[in-house]
Amino acid sequence: MPKTPYPLILVEWDDSAQPIAVWQWVDEFASPEVVRCLSVGYLIAETKWALALAPNLGDVTAERAQASGIIRIPRSAIRKIHKL
C-alpha cells in the first residue's frame with residue numbers, strides 16, 4: 001500500500017434524515033430518527049469541532065497531494081472512529 005501522511009479511517013456518525021417534502025398532519029408524524037452513517041477516507045484535517053475525510057487522493061508521490069470528495073463531519077455527530 002502506498003505511504004501517505006494521512007491515516008485511513010472509518011467514522012461512524014449520526015446525520016439528520018432527509019426533509020419530508022409534502023404537507024402532513026402533525027399528529028400523524030412519526031417520531032424523528034437520526035440516520036447512522038459510515039464514512040471511510042483519509043483524515044486530511046481535524047480541529048476541535050470537525051474532521052475532514054477525503055476518499056480520494058491524487059499525486060501521492062508529488063510534493064503536494066490532491067484530494068477530491070472531501071467531507072466535513074462535526075465532532076458532535078461522531079460516535080466512533082476506527083483506524084484501518
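Modeller: Side chains of opposite charge can pair when their charged atoms come close. In this predicted model, Arg79 and Asp14 meet through their side chains in a salt bridge, at 2.6 Å from N to O. A salt bridge is a side-chain nitrogen of Lys or Arg within 4 Å of a carboxyl oxygen of Asp or Glu. The pair links distant parts of the chain, with Arg79 in strand 7 (residues 78-83) and Asp14 in strand 1, 65 residues apart. Strands (E, at least two residues) are DSSP runs, numbered from the N terminus.

Biologist: On what basis are such values computed?

Modeller: The model is predicted, so local features need pLDDT of at least 70 and side-chain atom pairs count only at pLDDT 80 or more, while totals for chains, interfaces and linings use all residues. Residues are numbered from 1 along each chain as its sequence is written, and side-chain values use heavy atoms, with hydrogens and water left out.

Biologist: Is Asp14 buried or exposed?

Modeller: Asp14 is buried, with a relative accessible area of 13%; buried means under 20% relative accessible area (1.4 Å probe, protein chains only).

Biologist: Which side chain meets Arg36 at 2.7 Å, N to O?

Modeller: That of Asp14, in a salt bridge. Arg36 lies in strand 2 and Asp14 in strand 1, so this pair ties together parts that are 22 residues apart in sequence.

Biologist: What does Glu12 form with Arg36?

Modeller: Glu12 forms a salt bridge with Arg36, the closest N and O atoms being 3.8 Å apart.

Conventions: Helices (H or I, at least four residues) and strands (E, at least two) are DSSP runs, numbered from the N terminus. Buried means under 20% relative accessible area, exposed over 50%, partly exposed in between (1.4 Å probe, protein chains only).
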